[in-house]
Amino acid sequence: MTNRFSQASALQLKAIPAFNDNYIWLLHNNQYAVVVDPGDAQPVLAYLQQHSLHLTALLITHHHHDHVGGITELVQHYPQIHVFGPANENIPQRTQAVHDQERIMLPELNTELQILEVPGHTKGHVAYFGYSDAHEPFLFCGDTLFSGGCGRLFEGTAAQMMDSLNKITALPPQTLVCCAHEYTLSNLDWALQVEPDNPDLQAYYSQAATQRANNQPTLPSSIGLELRINPFLRTHIPAVQLSASQYSSRRASNDTEVFAQLREWKNNA
């Protein structure tokens, strides 16, 4: 995958595989690059060298090691880079703390990003939303939203995660969702248990299975697609509510309780 924006865009969007299932996202214009959540420096350094790119900034969504483990080494190679990270978390080498609804500028890419606080997976988790130079929206969401799933609630509550997901799904439906893990097929296996008669979900599973069989990433997804197939975004759908209640042996009284039932189910799947 070289560019998930249109040919009208000078910006390139690249998913660099790391560890077993991480993606380190890289945004560049064939000269300068910004990297998201570098858990491992080595694949990033290799890609930068191979493509003659100069690293100017790191965007960190949360403090987990598989998202921050490569920061120190990258700063050693590029001592002048900016390291943006959530204000409410301990991020190594952070040079600028970011807050909800704040806007940051990436001047070398001529790009502005909006910060969204999206607690749930961790207490201070943030996402970065912006537009390509061809006005195509994209989102770096870390471990808050996955294709067909969402992050575990390590530090936050179901209500917090619901609010965070609602904040994300209020973005334009064509927004490219740049998740940090290749969890799609396992998520969709579970989603089909929740909503087996969803034709969009059935079609997407076939597409994703073909992509993975060809060693291609399933990401980025889009908000419009996730609204059609992701059970965590469909707690208002009667079929999803019924499946959640059957799993938990009790009827939920609101969407947040449905979400909590789904999260417990997925944790144990």
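Predicted model: local features only at pLDDT ≥ 70, side-chain atom pairs only at ≥ 80, totals over all residues.
Residues are numbered from 1 along each chain as its sequence is written, and side-chain values use heavy atoms, without hydrogens and water.

**Exercise 1.** State how many salt bridges the whole structure holds, and describe the one between Glu 195 and Arg 234.

*Solution.* Step one is the criterion: a side-chain nitrogen of Lys or Arg lies within 4 Å of a carboxyl oxygen of Asp or Glu. A search of the whole structure with this criterion gives five salt bridges. Glu 195 belongs to the loop between α5 and α6, and Arg 234 to the loop between α7 (223-229) and α8 (238-248), so the pair, 39 residues apart, links distant parts of the chain; helices here are DSSP runs (H or I, at least four residues) numbered from the N terminus. Finally, both residues are buried, a term for under 20% relative accessible area, with exposed meaning over 50% and partly exposed in between (1.4 Å probe, protein chains only).

**Exercise 2.** Identify the residues with the most contacts inside the largest nonpolar core.

*Solution.* Such a core is a set of buried Ala, Val, Leu, Ile, Met, Phe, Trp, Tyr and Cys residues joined through side-chain atoms within 4.5 Å. The largest has 62 residues, and Trp 25, Leu 59, Tyr 128, Phe 140 and Leu 262 have the most contacts inside it. Helix α4 (residues 158-169) provides the largest share of this core, five residues. A second, separate core of 23 residues includes Ala 41 and Val 68.

**Exercise 3.** Name the residues nearest the centre of the largest pocket, and the helix that gives most to its lining.

*Solution.* Phe 146, Cys 150, Gly 151, Arg 152 and Tyr 183 lie nearest the centre, among 16 lining residues. The helix giving the most is α9, with three residues.

Definitions and conventions:
Helix = DSSP H or I, 4+ residues; strand = E, 2+ residues; numbered from the N terminus. 1 Å grid on protein atoms, 1.4 Å probe; cavity = no way out; pocket = protein on both sides within 12 Å on 5 of 7 lines; lining within 4 Å.
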